[in-house]
Amino acid sequence: MRLGYFAPLPPAPTGVAEYAAALAAHLRAHVELCENQPCELNLYQIGNNGLHGEIYDRALAEPGVVLLHDACLHHLLLGRLGRDEYIEEFVYNYGEWFREPAARYWEGRGLSAADPRYFARPLLRRVCERARLVVVHNPAAARAVREHAPDVPVVELPHLFVPPRDHYCKEIDDYRAGVLGVSREECLFAVLGHLRESKRLAAVLRAATRLRQAGVPLRLLVQGRFVGEDLERSLAGELAAPWVVRRGFLSEDEW
């Protein structure tokens, strides 16, 4: 069997790319993969950001298996649609009685990364309804798919885990001390990945500050790129604290 394999792949700056590469290595033992080319059956890996826009479009045009990394596609669509298209998409998902609320969602979209209303309306219906099968990683995602597309088959597969190499323990100690400057006595917490409002970094920094003031030997690693400049500027003072370690996008081994 030949499987069309549509996903961001390394070096795309997303964890989905690393997942897709690891999954592809296992799938090749069972099927012939055609990376980003249509085949007898296509597998589409879709997440809630712009990197998945073209894959989303192809999943609609040439239905296949949709592997849904996020049980919310609201922000992906919000970034791709104009006002009228967005309202129509909202109505398609939730009915004509949501036309006026959809307009309010559009006007308030600047807060969409932190406002829970945008996550409560994940806009999943169109891509799931078109799919031959939807694969999700947890029961909550499966419920969300069934609520939006009750007739589509849904399979829940736990998230792929690739065990680290045996010698990682020493490498981690060396990395903590030599690169991050964190001693064995310090407890290292981390916020990882795309830095957006939903990561609640301001709350994490406040909690870490209180713990430091209480005498807890704590360091905080903040890793990833900020999605918006406003959020980064608003936290500039807290991020400059000497106990905060900043890193941008990392290679898979460093991550």
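Start by selecting residues 2-6: this is strand β1, which runs parallel to β2 and pairs with it through four bridges. Keep in mind as you look around that the model is predicted. Now pick Tyr5 and look across to β2, where its bridge partner is Glu35.

Next, bring up the whole sheet. It is open and has six strands, in the order β2-β1-β3-β4-β5-β6, with parallel pairing. Which strands stand at the edges? Select 32-35 for β2 and 154-156 for β6: each has a single partner strand, so one side of each is left without a neighbour in the sheet.

Now move on to a pair of helices. Select 83-94 for α4 and 99-107 for α5; they pack with their axes 9 Å apart, at an angle of about 135 degrees. The two are therefore oblique to each other, and α4 passes α5 in a right-handed crossing.

Finally, show some side chains. Which residues of α4 meet α5? On the α4 side, select Arg83, Tyr86, Ile87, Glu88, Phe90 and Val91. Facing them from α5 are Arg99, Ala102, Ala103, Tyr105, Trp106 and Glu107.

Key. Residues numbered from 1 in each chain as written. Predicted model: local features only at pLDDT ≥ 70, side-chain atom pairs only at ≥ 80, totals over all residues. Heavy atoms only, no water. Pairing = 2+ DSSP bridges. Axes fitted to C-alpha atoms, helices over the stretch in contact; angles between N-to-C directions. Parallel < 35°, antiparallel > 145°, perpendicular 65-115°, else oblique. Left-handed = near helix turned anticlockwise from the far one by under 90°. Contact = heavy atoms within 4.5 Å.
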